[in-house]
Amino acid sequence: MDKIEHIGIAVANLAESNALFEKLLGSPAYKEETVESEGVRTSFFKTGPNKIELLEGTRPDSPISKFIAKKGPGIHHIAFAVTDIEAHIARLQKEGFRVLNETPKKGADGKKVAFLHPKDSNGVLVELCEDIAP
Ligand SMILES: CC[C@@H](C(=O)O)C(=O)SCCNC(=O)CCNC(=O)[C@H](O)C(C)(C)COP(=O)(O)OP(=O)(O)OC[C@H]1O[C@@H](n2cnc3c(N)ncnc32)[C@H](O)[C@@H]1OP(=O)(O)O
Ligand SMILES: [Co+2]
């Protein structure tokens, strides 16, 4: 894995949390994007070389809405940047991690993504991200 690509934070109300994180970080979100296949509306903040992704569920059965209903707002996942996501999926499966989508899917901010089951990584949902070639 190359680096932490972003930290995903589940929020109940994206507009309110955008205002909160703008105050906290001192600069506004640089983009907002809806990923309907995941049932999420996202916003992205930069802090130095790092990224924070805020996520609001767009429907009650989305992973974010279910997480908020169970645990409330908070850190939802850690995303790692990789090159050759398919190779990492195969490697991690061999290591015994359950990959939730074997075929990478379109994520936000120009990435293809895959997730590992949080129960296999000490309760942390892990996302793998690779830049989609232009
Ligand atoms: C915007 C796109 C993309 C990007 O480009 O960055 C994103 O970040 S999308 C983010 C949202 N999408 C996902 O999270 C997809 C992967 N997640 C899933 O497939 C599911 O959420 C899940 C992890 C398989 C859980 O789904 P499910 O089994 O249907 O839900 P439960 O609520 O019953 O959870 C089972 C179990 O897992 C615990 N859990 C769920 N989410 C998390 C989490 N984020 N971190 C830690 N633990 C989590 C949940 O608490 C349950 O545990 P128990 O209560 O002990 O049973
Ligand atoms: Co993410």
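Guide: One begins with a term: a residue is near a molecule if its C-beta atom, placed from the backbone, lies within 6 Å of it. Please note also that this is a predicted model.

Visitor: How many residues surround ligand 1, and which are the closest?

Guide: Ligand 1 is surrounded by 26 residues, and the closest are Pro-63, Gly-107, Ala-108, Pro-118 and Leu-125. Two or more residues of this shell come from each of β3 (40-47), β4 (50-57), α2 (63-71), β5 (74-81), β7 (111-116) and β8 (125-131).

Visitor: Which element gives the most to the shell around ligand 1?

Guide: That element is α2, with five residues. By class, the shell holds 13 nonpolar, seven polar and six charged residues.

Visitor: In what order do the strands form the sheet?

Guide: The open sheet has eight strands, in the order β2-β3-β4-β1-β5-β8-β7-β6, with mixed pairing. At the edges are β2 (31-35) and β6 (105-106), each of which pairs on one side only.

Visitor: In which sense do β1 and β4 pair?

Guide: Strand β1 (residues 3-10) pairs with β4 in the parallel sense, over four bridges. Within this region, Ile-7 has Ile-52 in β4 as its bridge partner.

Visitor: Which residues does the UniProt annotation "domain: VOC" cover?

Guide: The annotation, from an unreviewed UniProt entry, covers residues 3-131. Over residues 3-131 the chain is 24% helix and 40% strand, and the end C-alpha atoms are 13 Å apart.

Conventions. Residues are numbered from 1 along each chain as its sequence is written. Chains are lettered from A and ligands numbered from 1 in the order in which they are written. This is a predicted model: local features need pLDDT of at least 70, side-chain atom pairs count only at pLDDT 80 or more; totals for chains, interfaces and linings use all residues. Ala, Val, Leu, Ile, Met, Phe, Trp, Tyr, Cys and Pro count as nonpolar, Asp, Glu, Lys and Arg as charged, and the others, Gly among them, as polar. UniProt positions are given in the numbering used here, feature names are shortened, and annotations may be inferred rather than shown by experiment. Two strands pair if DSSP finds at least two bridges between them.
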